[in-house]
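Subject: Structure for you to look at

Hello,

Here is the structure I promised to send over. Please open it beside this email and follow along.

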Amino acid sequence: RLHSESEDDDEEASIPVRAWPSQSSLHKRPASSASQTSTVVNERLQELVRMFKERTEKAKEKLIDPDSSDEDTPPQPPAPQPAPGAQPPDENETQAGPSGGGGVESGTEEEQPGRCCKVKTPRWIRACVRFRFPASIDPFTNLMYVLWMFLVSLAWNWNVWFIPVRWAFPYQTPDNIHYWLLTDYLCDLIYILDIAVFQPRLQFVRGGDIVCDQKEMRKNYMKTKRFKFDVASLVPLELFYFKTGINPLLRLPRLLKIKSFFEFNDRLEAILTKAYIYRVIRTTTYLLYCLHFNACLYYWISDFIGLGLTQWVYNGEGNSYIRCYYFAVKTLITIGGLPDPTTLSEIIFQLINYFIGVFAFSIMIGQMRDVVGAATASQTYYRSCMDSTIKYMSSYRIPRDVQNRVKTWYNYTWQSQGMLDEQELLNQLPDKMRLDIAIDVSYSIVSKVPLFQGCDRQMIFDMLKSLRSVVYLPGDYVCKKGEVGREMYIIKAGEVQVVGGPDGKTVFVTLRAGSVFGEISLLAVGGGNRRTANVIAHGFANLFILDKKDLNEILVHYPESKKLLRKKARKMLNKGKKPEPKEEAKEPPLVPAAPVRAETPKLLKAALEMTERSSGLKGALAKVKEKTNKSTNPANHLL
């Protein structure tokens, strides 16, 4: 218990100061009791601050990764026993200590009563406990919703594929009926969850605003036709099982949930990078289902006429589904080699099969052609452009080496970019989306360019939208010395070399990704806009090009950035030049002083005065006197 400073010195000297356990090793110093108490309090507060910092870091690690925080937590040392005769600390002090604030921490490891070890809860159980179902779902970007639609599509496909099989073929027997019913009711449960949980939580757009209110989302779903079809798909016709027996045809309303299947196709195609592969698989599945349904009809009509009664019907030998499916393939694809029907019903069924086969097969082939054509549209455009260019060069008898370089450019551009012109694709997007794409593609490169560091961030964003990507082949001249500079280059990938010398092949410097050149001519620093060096592509080089006109239009709105760019370009231009020797300051020429004439003798002055007084004539002698006075005063002569 710490004593107050207001107590008397005698009492403080008689009562020893009890230090905290961590401070028990402090040496006694010959100081007053008040100073010693203040020192102990300060050190204890510093220790508490340190312990609270450690506790905060541990809590932060536990929130980020509960597993690692539990494993990395060192064992706590045992609490020190109080000295004999010492009073136990108060409850308030205990709560304010590092182990206070809520008692024992609630972690992922819990100590079971009666056990000396801690049981670690599995990670997936903790994830399930912490999971909270979202109040609203974005149907276009939520991956969980796509997975749920996949589950709904599986339930719908179960009904589509197995209802005809169970109706036509004798695969549903009293021995396995409970398995069929269990799967049916599981699919019905998925339908119910979709109607009650997921669909009422789908966001929708009204008047340009995204509505996320639960009541509004529920009302919107109940007003759509999809809600009516979903409710109709759950009509409980299975109640007629008690009268007609278990007939799979009573589950035909389950097929009304077909919109969920088409929605799943749209959502899946939107997240796949190569959606045409899924389209090919889906089109092939359509053809297989037509053959599957035709096989079920063939077995049903064979059973209706009598198995093996005629040469045309199924004779009941072997695997019934495989043999009927083989008959359906030969019928719909019109391969031929089928037995001729004999009865009227057989002839009508065969005619319908032929007509359906011709139309269905032609439709499937046409759809497959469209899918493959859409998947290879860009490659077809590349081939057509390349063929047209080769035809043009051949008609004008372009040299073979130039034609080979053009072909190499086409091949490398297509392999590296997957398209010939990126701007043609980006121009179809709104300005905001083009900026977002440009930031993701180019900002990481442009922001590291020393020339643009310190410029306005928005100016860089405007500049990104004006960049064009161009591919140069090995040995291509990017720019030549002396030509008018209208573009600035930023290296996206590859290398370029600055060459010169007497032979024009001496490499001065090699520029790599992130470097900039051509900015001096573009900014017209140094009194002109001519190129100051030759630049050649060393290998394949992909460069961003910024046109002078576009840059000037951008810099009009950013005068401070314009001044900064010009200043940096001027420094880069002067860098490497030898400083001119400074001329010594010349002193201005001095005006030569007028020569000082000798002073007129006093005897001559006296003679002149006497002559003037005696004769009163001022003639020649007066003039001589005037000249004499002027000569004696140099200041008047200078003025």
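Is Arg251 buried or exposed? Arg251 counts as buried, because its relative accessibility is 1% and the cut-off for buried is under 20%. Keep in mind that this is a predicted model.

**The overall picture**

The protein has 639 residues, and 29% of them count as buried. It has 25 helices and 10 strands. The exposed surface comes to about 42,800 Å². Carbon and sulfur atoms supply 60% of that surface. Now take the contacts between residues at least 6 apart in sequence: 68% of them join residues at least 24 apart.

**Salt bridges**

Side chains of opposite charge can pair when their charged atoms come close. The count here is 23 salt bridges.

Go back to Arg251. Its partner is Asp184, and the closest N and O atoms are 3.7 Å apart. Asp184 sits in helix 7, while Arg251 is in the loop between helix 10 (241-244) and helix 11. The two are 67 residues apart, so this pair links distant parts of the chain. Asp184 is buried too, with a relative accessible area of 1%.

Next, find Glu238 and Arg254. Their side chains meet in a salt bridge, at 2.5 Å from N to O. Glu238 is in the loop between helix 9 (225-233) and helix 10. Arg254 is in the loop between helix 10 and helix 11. They are 16 residues apart. Glu238 counts as buried at 9% relative accessibility. Arg254 is buried as well, with a relative accessible area of 2%.

Arg468 lies in strand 5 (residues 468-472) and Glu487 in strand 7 (residues 487-500), so the bridge ties together parts that are 19 residues apart in sequence. Arg468 is partly exposed, with a relative accessible area of 33%.

Which residues do shared partners join into one network? They are Arg166, Asp184, Asp188, Glu238, Arg251 and Arg254.

Asp194 is in helix 7 (residues 177-198). Its relative accessible area is 0%, so Asp194 is buried. Leave aside its neighbours within four places in sequence. Asp194 is then in contact with Trp148, Met149, Val152, Gln199, Pro200, Lys257 and Ser260.

Arg267 lies in helix 11 (residues 258-271). It counts as buried, at 15% relative accessibility. With neighbours within four places again left aside, Arg267 is in contact with Pro139, Phe140 and Val146.

**Out on the surface**

Lys215, Arg218, Lys219 and Lys223 form a positive surface patch. One of them, Lys219, is in helix 8 (residues 214-223). Lys219 is partly exposed, with a relative accessible area of 43%.

**A backbone angle to check**

Most residues other than glycine have a negative phi. What is phi of Arg397 near? The value is near 55°, which is positive. Arg397 is in the loop between helix 15 (377-395) and helix 16 (400-417). This residue counts as exposed, at 77% relative accessibility.

Best wishes

How values were computed. Residues are numbered from 1 along each chain as its sequence is written. This is a predicted model: local features need pLDDT of at least 70, side-chain atom pairs count only at pLDDT 80 or more; totals for chains, interfaces and linings use all residues. Side-chain values use heavy atoms; hydrogens and water are left out. Patches are made of residues with over 30% relative accessible area and no salt bridge: like charges are joined within 9 Å, nonpolar side chains (Val, Leu, Ile, Met, Phe, Trp, Tyr) within 5 Å. Accessible areas come from the Shrake-Rupley method with a 1.4 Å probe; for residues, only the protein chains shown count as cover. A salt bridge is a side-chain nitrogen of Lys or Arg within 4 Å of a carboxyl oxygen of Asp or Glu. Lys and Arg count as positive and Asp and Glu as negative; His and the chain ends are not counted. The place of a charge is taken as NZ of Lys, CZ of Arg, CG of Asp or CD of Glu. Helices (H or I, at least four residues) and strands (E, at least two) are DSSP runs, numbered from the N terminus. Buried means under 20% relative accessible area, exposed over 50%, partly exposed in between (1.4 Å probe, protein chains only). Contact means heavy atoms within 4.5 Å.
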